[in-house]
Structure formats: structure tokens, C-alpha cells
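I opened my notebook to look through the strands of this one. Here is what I looked up.

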Amino acid sequence: MDIRIENLTKIYGEKIVVDLEKMTLEKGKVYGIIGPNGAGKTTMLKIIAGLEDSTKGKILYNGNPLNDLVLKNITYMSQRPYLLRTSVFNNIAYPLKIRKYNRKTIENKVNEIMQELGIFELRYQLATSLSGGESQKVALARALVFDPALLALDEPTANIDPNSIEIIEKAIVRRNREKGITVIIITHNMGQAKRLCNHIIFMDRGKIIESGKADQLILNPEKEETKRFLSLYIER
Ligand SMILES: Nc1ncnc2c1ncn2[C@@H]1O[C@H](COP(=O)(O)OP(=O)(O)O)[C@@H](O)[C@H]1O
Ligand SMILES: [Mg+2]
């Protein structure tokens with residue numbers, strides 16, 4: 001799915017939290033959003049994913065405004081995913097059930113993705129009893145199982161061990177390569193941004209300060225603000 005944004009703003013009270021002039025996201029690419037807390041990253045991603053209204057502006061998905069068909073092809077994974085109080089299997093099967101897949105197909109697809117993410121052993125466990133990393137994997141499985149055209153991820157691997165991060169990243173990359181899905185990922189992990197993203201967008205105070213090819217933006221930023229932000233990530 002390709003996305004075009006024009007003059008998008010979101011205002012809470014008196015505060016402009018998102019203020020974008022123009023942004024184009026191409027089909028099949030992976031976009032990283034970086035920036036400090038409160039920059040407007042989550043708000044922007046939720047608006048793009050159709051979960052929140054903008055105050056004004058235009059977004060086109062493959063040339064069309066947001067409609068039910070577009071919404072059906074978008075998946076948003078929140079930083080703290082909300083899992084249903086039922087088994088892991090039922091949580092992952094849910095998006096397929098509401099899309100009326102038959103029972104056999106549901107079983108095959110859910111089993112396959114649980115294997116891929118290393119959570120097959122958890123299939124009968126109550127999803128609300130999982131650890132942080134396990135919950136994130138279940139949430140990602142639920143987000144990917146119906147092959148969305150746009151995957152919007154809000155800090156999907158915050159507070160997760162490196163092994164689980166690797167499993168999650170592999171699943172994201174695989175869907176992007178094999179199915180050509182467009183991915184937007186908010187991250188505070190610059191290594192992850194470099195590993196996954198074609199393109200990085202640096203946001204602060206609701207605006208895009210700088211955007212460019214991943215390697216170039218991270219290793220060789222042009223703007224002073226970007227340099228300052230990235231310098232805070234250098235391990236000492
Ligand atoms: N529902 C809301 N009502 C009022 N202010 C909000 C609301 N949601 C977010 N904000 C404010 O919008 C700004 C951007 O928030 P957010 O998009 O969550 O930033 P980020 O994800 O970059 O940390 C913050 O100052 C936040 O307090
Ligand atoms: Mg956020």
C-alpha cells in the first residue's frame with residue numbers, strides 16, 4: 001500500500017502535536033520513525049492507521065481516502081498490545097475469524113505463524129498471563145496473520161530480550177520481502193532502525209525535521225537537531 005499525506009495536523013486543545021506538510025510512503029518499503037518522547041510519533045502513526053482522526057489534512061491510500069476496505073488491510077500494533085482474555089491461539093485466530101476464513105484455514109495459518117515466532121508451545125495458555133516478550137510475539141502474530149498491506153508498529157520491541165527481538169525482526173522482514181507489505185515502525189533502537197528500515201524520518205515537536213535513506217540519516221545526518229538527537233544514543 002502506498003500512502004500520501006498532505007498538510008496533516010492534529011491539535012489537542014491549543015497544542016499542535018502533529019504538523020506535516022507532505023509525506024509519501026511507497027509500497028513495499030520499511031520506514032522508521034525516530035524522535036524524542038512527545039514528538040507526536042504515536043499520534044501520527046495512529047492517524048495513518050485510521051485509529052485517530054486528524055484535525056485537518058488529507059491522507060490517500062493507493063490513491064483512495066480511508067474506507068472500510070483500506071482499514072481492513074491495515075494493522076496497528078501498539079506499544080502495549082491489548083490481548084484478549086482467552087488462549088494464545090484464539091487471540092491470533094481473531095482477525096481471521098472476523099474476516100470469515102474457514103476453520104481449517106484458520107488452524108493452518110495460526111499454527112504456522114506460532115511456529116515462526118516460536119510461541120507454538122504457548123497455544124493453550126491464557127494470553128493475559130504471558131510475559132512481556134511473549135505478549136509482543138503474540139500481538140505481532142495477530143497483526144501479521146491476515147497479511148495486511150500496511151503494518152504500523154509502535155515500538156514493537158521495547159523492553160524485550162535480544163533473542164526475541166531477532167525473532168520479531170525476522171518475521172517483519174520476511175513479510176516485507178515476501179508479500180511486499182509496507183511497514184512503518186517507531187523505534188528508539190537505532191541498530192534496529194538500521195537493520196530494518198530503508199528510510200528514516202526524524203520527528204520533533206510534531207514536525208519532520210529530517211528524513212532520508214536509513215544509513216545516511218543515522219551515520220551522516222545533515223541537520224543540527226538530528227545530530228544532537230542521535231549523539232544521545234552513542235554508547236559510552
Ligand atoms: N488524547 C490526548 N489528549 C491530549 N494530548 C495528547 C493526547 N494524546 C497525545 N497527546 C500529546 O501529544 C503529544 C504527542 O504525543 P505522542 O504522539 O504520544 O508522542 P510520542 O509517541 O512521539 O512520544 C504529547 O505532548 C502528548 O502529551
Ligand atoms: Mg509514542
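I started with terms: two strands pair if DSSP finds at least two bridges between them. Helices (H or I, at least four residues) and strands (E, at least two) are DSSP runs, numbered from the N terminus.

I noted that this is a predicted model, where local features need pLDDT of at least 70, side-chain atom pairs count only at pLDDT 80 or more, and totals for chains, interfaces and linings use all residues. Residues are numbered from 1 along each chain as its sequence is written, and chains are lettered from A and ligands numbered from 1 in the order in which they are written.

Entry on S7. I found 5 bridges between strand S6 (residues 150-154) and S7, running parallel. Alanine 152 has isoleucine 184 of S7 as its bridge partner.

Is S7 buried or exposed? I counted a residue as buried if 20 or more other C-beta atoms lie within 10 Å of its own, exposed if 12 or fewer, and partly exposed in between, with C-beta atoms placed from the backbone. By that count, 5 of the 5 residues in S7 (residues 182-186) are buried. Thr182, Ile184 and Ile186 point one way, Val183 and Ile185 the other.

Entry on the open sheet. I read its 3 strands in the order S2-S1-S4, paired antiparallel. S2 (15-25) and S4 (56-61) are at the edges with a single partner strand each, so one side of each has no neighbour in the sheet. S1 (residues 3-12) and S4 share 5 bridges, and isoleucine 5 stands opposite isoleucine 59 in S4.
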